[in-house]
Amino acid sequence: MLRNSPERWGWFAQLLHWSIALLIIGLAVVGLVMGDLPNSPDKLKVFALHKSVGLTVLALVLIRLAWRFIDPRPPYPATIPPWQRRLSDLTHGLLYVLMLAMPLSGWLYNSASNFPLRWFGWFAVPPLSGPDKAIKSFAHEAHEIGFYLLALLMLLHVAAAMKHHFLDRDATLARMTPGLPPPTAPDKEPA
């Protein structure tokens, strides 16, 4: 189903969720190693690709947020306590803030560094600022700190999904994963 149902997320929300997650993981890996690459035309290509994929993530996150207004999330399973629902809402909110802040801080850093920005070489992306050392320094720090915060929140998000699937044995992970059936309840010990 395209749209969400009370039992699971629709295919469009799932596609956005997993696409964004995979792109962010790829960006993280490339971001951690690209600064150590030797200066060469290949290094410039890696940086340009990192920037273009980052802007793509920004666009996909904006689409995902718009889709959440059009197609509200499925309700939490009844077995999830209220405190876990509040913690989940807080974590998701922070994930969205960071998924927006990361590409915006990278774009601002690029702009303040006075580098041209072209999305996959197809068209120029306007700068967010003119050349400015103070903005450049701020944006670099924000991008770096944001990376570690986003990585931490993503790990917590994955850990929570695994907890729900393997320990609680509820359908939380299956509702967002194409083709994954909900776990079966463990057999009860005879009395």
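Asn114 is exposed, its relative accessible area being 53%, and its place is in the loop between α3 and β1 (118-119). In this predicted model, Asn114 has a positive phi of about 65° although it is not a glycine, and this phi occurs just after α3.

- Most residues other than glycine have a negative phi.

**Packing of α1 with α2**

- Two packed helices are described by the angle between their axes and the distance between the axes.
- For helix α1 (residues 11-34) and helix α2 (residues 41-70), the packing angle is about 155° and the axes are 9 Å apart.
- Because angles over 145 degrees count as roughly antiparallel, α1 and α2 are roughly antiparallel to each other.
- The crossing in which α1 passes α2 is left-handed, and the residues of the contact of α1 with α2 divide into 17 nonpolar, five polar and two charged.

**Packing of α2 with α3**

- The axes of α2 and α3 cross at roughly 145° and come within 9 Å, and α2 passes α3 in a left-handed crossing.
- On the α2 side, the residues that meet α3 are Lys51, Gly54, Leu55, Leu58, Val61, Leu62, Arg64, Leu65 and Arg68, and their partners in α3 are Tyr96, Met99, Leu100, Pro103, Leu104, Trp107 and Asn110.
- By residue class, the contact of α2 with α3 holds 11 nonpolar residues, two polar and three charged.
- An α-helix has 3.6 residues a turn, so residues three or four places apart point the same way.

**Helix spans**

- Helix α3 (residues 82-112) has 31 residues, which at 1.5 Å a residue should span 45 Å, and the 44 Å between its end C-alpha atoms agrees with that expectation.
- The 35 residues of α4 should span 51 Å at 1.5 Å a residue, and the end C-alpha atoms of α4 are 50 Å apart, which agrees.

**Buried residues of α4**

- Which residues are buried in α4? They are Ala139, Gly146, Leu150, Leu153, Ala161, His164 and His165.
- The cover over the buried residues of α4 includes α1 and α3.

**Ser111 and Ser129**

- Ser111 is placed in helix α3, and at 4% relative accessibility this residue counts as buried, because the cut-off is under 20%.
- Apart from neighbours within four places in sequence, the contacts of Ser111 are Pro127, Leu128, Ser129, Gly130 and Pro131.
- Ser129, found in the loop between β2 and α4, also counts as buried, at 15% relative accessibility.
- When neighbours within four places in sequence are left aside, Ser129 is in contact with Leu108, Ser111, Ala112 and Ile135.

**The segment after α4**

- Arg169 lies in the segment after α4 (133-167), and with a relative accessibility of 30% it counts as partly exposed.
- Between Arg169 and Pro183 there are 14 residues of separation in sequence, while their C-alpha atoms are 5.5 Å apart in space.
- Pro181 also belongs to the segment after α4, and this residue is exposed, with a relative accessible area of 53%.
- Pro181 and Ala171 are 10 residues apart in sequence, and the distance between them in space is 7.9 Å, taken from C-alpha to C-alpha.
- Not counting residues up to four places away in sequence, Pro181 touches His165 and Ala174, and His165 is one of the buried residues of α4.

Methods. Residues numbered from 1 in each chain as written. Predicted model: local features only at pLDDT ≥ 70, side-chain atom pairs only at ≥ 80, totals over all residues. Heavy atoms only, no water. Axes fitted to C-alpha atoms, helices over the stretch in contact; angles between N-to-C directions. Helix = DSSP H or I, 4+ residues; strand = E, 2+ residues; numbered from the N terminus. Parallel < 35°, antiparallel > 145°, perpendicular 65-115°, else oblique. Left-handed = near helix turned anticlockwise from the far one by under 90°. Nonpolar A, V, L, I, M, F, W, Y, C, P; charged D, E, K, R; others polar. Expected span 1.5 Å × (residues − 1). Buried < 20%, exposed > 50% of the residue type's maximum accessible area, 1.4 Å probe, protein only. Contact = heavy atoms within 4.5 Å.
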